[in-house]
Amino acid sequence: MNNRFLRVSYNQLLKATNGFSETNLIGKDTNQSSSTGVKGTIGYAPPEYGLGSDMTSSGDVYSFGILLLEVMTGKKPTDNIFNDNLSLHKFASMALSENILDVIDVDAIAMHTTESNTNQMEECLASVVKIGVSCSMESPTLRMNINDVVHALLQISDTLQNTS
């Protein structure tokens, strides 16, 4: 892959996921039960877990969406700019209708553009953010199916590999 515009280093991914692991969701002992419900990392656990819902693959999709938005924007869901009226999901969603490049973290994303592929690169960035937004919808029934997520990400990857 000579022409890669999206390159996230292992250290950047590790930094973005700081504190997020299976043990944070269910405790250190996987046989442990809790009367207080599911433990979660603030900002990554889906809203329904706060209402006592069981852990589901849809909840995993939500967490993946938030993680994807964090990697793309360089902002954590707990950043100070996010308050009652603004969340990482809303921040990214609003950027889709305005200028997506304004919210992309240039430290995490390496873009190799030429005059001929600038629009295509911007479309790919927007597509990745759209996936993150679709995965992090508040309602579990509105979230993307993980199979569709994988298919969409593979299409974006193919597009990037074919971009000159």
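**View 1. Helix H4 and its burial in the predicted model.** In this predicted model, helix H4 is mostly covered, with 14 of its 17 residues counted as buried. The helix reaches 24 Å from its first C-alpha to its last, which is close to the 24 Å expected for 17 residues at 1.5 Å a residue. Among the elements of the protein chain, H4 also has the highest mean pLDDT, at 93. The residue that follows H4 is Gly74, and its phi is positive, near 75°.

View 2. Ser63 has its place in helix H4, which covers residues 57-73. Because its relative accessibility is 7%, and buried means under 20%, Ser63 counts as buried. A polar atom of the Ser63 side chain lies 2.7 Å from the backbone oxygen of Tyr44.

**View 3. The salt bridge between Glu48 and Arg143.** A search of the whole structure finds 2 salt bridges, and one of them is formed by Glu48 with Arg143, where the closest N and O atoms are 2.8 Å apart. Glu48 lies in helix H3 (residues 47-50), whereas Arg143 lies in the loop between helix H6 (118-135) and helix H7 (146-161), so the pair ties together parts that are 95 residues apart in sequence. Both partners, Glu48 and Arg143, are buried.

**View 4. The salt bridge between Lys76 and Glu70.** Lys76 forms a salt bridge with Glu70, and the closest N and O atoms of this pair are 3.3 Å apart. The two residues fall into separate accessibility classes: Glu70 is buried, since its relative accessible area is 4%, while Lys76 counts as partly exposed because its relative accessibility is 29%.

View 5. The protein chain averages a pLDDT of 77, and 70% of the residues score at least 70. Among its elements, helix H2 (residues 22-26) has the lowest mean pLDDT, at 43. Over residues 19-36 the pLDDT is below 50, although this stretch has 21 contacts in the model beyond near neighbours in sequence. For residues 1-7 the pLDDT likewise stays under 50, and here the model has 26 contacts beyond four places in sequence. Where pLDDT is low, the predicted coordinates should not be read in detail.

Terms used
Residues numbered from 1 in each chain as written. Predicted model: local features only at pLDDT ≥ 70, side-chain atom pairs only at ≥ 80, totals over all residues. Heavy atoms only, no water. Helix = DSSP H or I, 4+ residues; strand = E, 2+ residues; numbered from the N terminus. Buried < 20%, exposed > 50% of the residue type's maximum accessible area, 1.4 Å probe, protein only. Polar contact = N/O pair within 3.5 Å; in protein donor to acceptor, adjacent residues only side chain to side chain. pLDDT = per-residue confidence, 0-100. Contact = heavy atoms within 4.5 Å. Expected span 1.5 Å × (residues − 1). Salt bridge = Lys/Arg side-chain N within 4 Å of Asp/Glu carboxyl O.
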